[in-house]
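Subject: Structure for you to look over

Hello,

Here is the structure I promised to pass on. Please open it alongside this note; my findings follow below.

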Amino acid sequence: MTTKKQVITKDDIVSKYMEEVLEKGQKPKSVYHFAKENDFTEAEFYAFFGTLEGLEKEIFRLFFENTVNLLHKNEEYQEYDMKNKMLSFYFTFFEMLTANRSYVLQSLKVDRNPLKNLVQLTTLRNSFKEYVAEILTDDYRLEQEKFQKFQEKAIQESSCLQLMLTIKFWMEDESAAFEKTDIFIEKSVNASFELMNVAPMNHLIDFGKFLFKEKIHSR
């Protein structure tokens, strides 16, 4: 009696890929080699991923997704303001990265060209931008509607840059329990929210409108 082959799942492929990168210190040469060495077919791989690069991007997106899922399980999180939601995200996300630190360091340093390594973070970056848009509150939104889209996009882009810089800091952090990264997170998030304070900007816009009206009426 022949035993039925176990159906491989998306999570199985992710786990096998991470293990192979760690054990061999390099990425698989192709989908063919990866599938053959892990006893599944190319067709099974392509049912979930289009390329190995797509799989790499998905791993970092899953780190993000698992982080957000954990946050939403905390009832108190729903009551947090934007700043505390962001801090909660950072601390939880970097706990997730730390649990997979060997893979993250290996995968983001495997290519001599740093830009090629960072391509893996594009899906994470897009997901994080959506998250920032989701938690953005009126406290940090300009009153003038015509400036809101520009402002929100600027907040998303600057938040993504901050996340990338934090990942770089964490990768180079040699402190016990990565306590320096915790300090970096707290200080950088606090600083960014100080800069996001919209009250001065609203006053500047109102002042600009006043000057414009005065100039028109004085003609």
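One definition before the findings: a charge sits over a ring if NZ of Lys or CZ of Arg is within 6 Å of the ring centre and within 35 degrees of the ring normal. The charged end of Arg101 meets this rule over the ring of Trp170, 4.5 Å from its centre.

Some ground rules. This is a predicted model, where local features need pLDDT of at least 70, side-chain atom pairs count only at pLDDT 80 or more, and totals for chains, interfaces and linings use all residues. Residues are numbered from 1 along each chain as its sequence is written, and side-chain values use heavy atoms, with hydrogens and water left out.

Overall fold

The protein chain has 11 helices and zero strands. Both are DSSP runs numbered from the N terminus (helices: H or I, at least four residues; strands: E, at least two). Of the 219 residues, 40% count as buried. Buried means under 20% relative accessible area, exposed over 50%, and partly exposed in between (1.4 Å probe, protein chains only). Contact means heavy atoms within 4.5 Å. Among contacts between residues at least 6 apart in sequence, 69% join residues at least 24 apart.

The core

A nonpolar core is a set of buried Ala, Val, Leu, Ile, Met, Phe, Trp, Tyr and Cys residues joined through side-chain atoms within 4.5 Å. The largest one holds 54 residues. Phe89, Phe128, Tyr131 and Ile167 touch the most other members. Elements giving two or more residues to this core include helix H1 (10-24), helix H5 (82-99) and helix H9 (145-172).

Tyr131 is worth a look. Leaving aside neighbours within four places in sequence, Tyr131 contacts Phe64, Val68, Leu71, Tyr77, Lys85, Met86 and Phe89.

Aromatic rings

Rings of Phe, Tyr and Trp (its six-membered ring) pair if their centres lie within 6.5 Å; planes under 30 degrees apart count as stacked, over 60 as edge-to-face and the rest as tilted. The count comes to 21 aromatic pairs. One of them is Phe169 with Phe184, which is stacked: 4.4 Å centre to centre, 15° between the planes. This pair links distant parts of the chain, with Phe169 in helix H9 and Phe184 in helix H10, 15 residues apart. Phe169 is partly exposed at 30% relative accessible area. Phe184 is also partly exposed, at 25%.

Tyr131 turns up again in one aromatic cluster, whose members include Phe64, Phe89, Phe128 and Trp170.

Salt bridges

Side chains of opposite charge can pair when their charged atoms come close. The rule used here: a side-chain nitrogen of Lys or Arg within 4 Å of a carboxyl oxygen of Asp or Glu. The whole structure has nine salt bridges.

Which residue does Lys10 pair with? Its partner is Glu58, with the closest N and O atoms 2.8 Å apart. Lys10 lies in helix H1 and Glu58 in helix H4, 48 residues apart. Lys10 is partly exposed at 28%, whereas Glu58 is buried at 11%. Glu58 also bridges to Arg61 (2.8 Å, N to O). Arg61 and Glu58 are three residues apart in helix H4, about one turn. Both are buried.

Lys168 and Glu172 form another salt bridge (2.9 Å, N to O). Lys168 is partly exposed at 46%, and Glu172 is exposed at 53%.

Best wishes
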